[in-house]
Amino acid sequence: MPKIMGSSLAEHRQRTRTALFEALSQLMAERGFEKITLSDVASRAGVGRTAVYNHFADKEDLLLAFMEHESARYAEELARALAGTRDPIDRLRVYVRQQALIKRHYHFPASGPLANAVSRDTAGSLRAHSALMAQMLSSILTEAMDEGRIPQQDPALVIPLIHATVLGGRPTPSEPEARKAYLESLDVFVLRAVGAAQPEHAVPPIPRPHAAEPVEGPDDASPATDRQGAPRRAG
């Protein structure tokens, strides 16, 4: 008889799904999706292969459920980080910083190798999940334009460029000083790119972005800068 995870069947099903999602996440960090089998996922999750089919019809069905789960968690963390900030430029700065800090814990492959490794319908669904982040950023940029804080521009053209800058390329450093320098440079670069004046105050503090990330404190905040993005001298 299969081992029951939890005190009830509903809890068992939820724990099994969570274990499968975590296993898929780990495997996707190690190798391409096309090289992962359901047997690999089951083995990593510590469940029988038949247990996978009790939840998902095939590998792409598992992937879509995983992406929906990831999108919901990701959006929740972003919304929590933005909740205490009203200024649109500060909201943009918080959005960029939060994306940079938690990107390595989530998978949003709307394009690239993973999207090319699945069916057209599945690739379209992946893009739909990723669009949630674009909607949040579009709202921030639109508000900034409405208030005259940045020049008028097409969010549909700007958003992919911001996401490519923040989510692409090198991972966010884990060493504190390197991470601080990277986040400061990212803040200056994105604000310059959209035509925003660099505020003289630091990026507003945000809640712990992920259980695996350090708590952001005063030492992690960007220094005050002048409008050209250079550090502003005290006195």
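Where does UniProt place the feature "DNA-binding region"? The record, an unreviewed entry, puts it at residues 37–56. The views below come from a predicted model.

**View 1. The stretch annotated by UniProt as "DNA-binding region", residues 37–56.** Helix makes up 65% of residues 37–56. Strand accounts for 0%.

**View 2. The crossing of helices α1 and α4.** Helix α1 spans residues 9–30, and helix α4 spans residues 59–82. Their axes come within 10 Å and cross at roughly 95°. Angles of 65 to 115 degrees count as roughly perpendicular, so α1 is roughly perpendicular to α4. From α1, the contact uses R17, L20, F21, L24, S25 and M28. From α4, it uses L62, L63, A65, F66, M67 and H69. By type, the residues of this contact are 9 nonpolar, 2 polar and 1 charged.

**View 3. The largest nonpolar core, with 34 residues.** The members that touch the most others are L92, Y95, V96, L141, I150, I162 and V194. Two or more residues come from each of α4, α5 (88–102), α7 (120–146), α8 (155–167) and α9 (176–194). Helix α5 gives the most to this core, with 8 residues.

**View 4. The surroundings of V96.** Neighbours within four places in sequence are left aside here. V96 is then in contact with I162, V166, L186 and V190. Both V96 and I162 are among the core members that touch the most others.

**View 5. A second, separate core.** This core has 22 residues. Among them are A19, V41, A45 and V47.

Notes. Residues numbered from 1 in each chain as written. Predicted model: local features only at pLDDT ≥ 70, side-chain atom pairs only at ≥ 80, totals over all residues. Heavy atoms only, no water. Axes fitted to C-alpha atoms, helices over the stretch in contact; angles between N-to-C directions. Helix = DSSP H or I, 4+ residues; strand = E, 2+ residues; numbered from the N terminus. Parallel < 35°, antiparallel > 145°, perpendicular 65-115°, else oblique. Contact = heavy atoms within 4.5 Å. Nonpolar A, V, L, I, M, F, W, Y, C, P; charged D, E, K, R; others polar. Core = buried A, V, L, I, M, F, W, Y, C linked by side-chain atoms within 4.5 Å. Buried < 20%, exposed > 50% of the residue type's maximum accessible area, 1.4 Å probe, protein only. UniProt positions renumbered as here; feature names shortened; annotations may be inferred.
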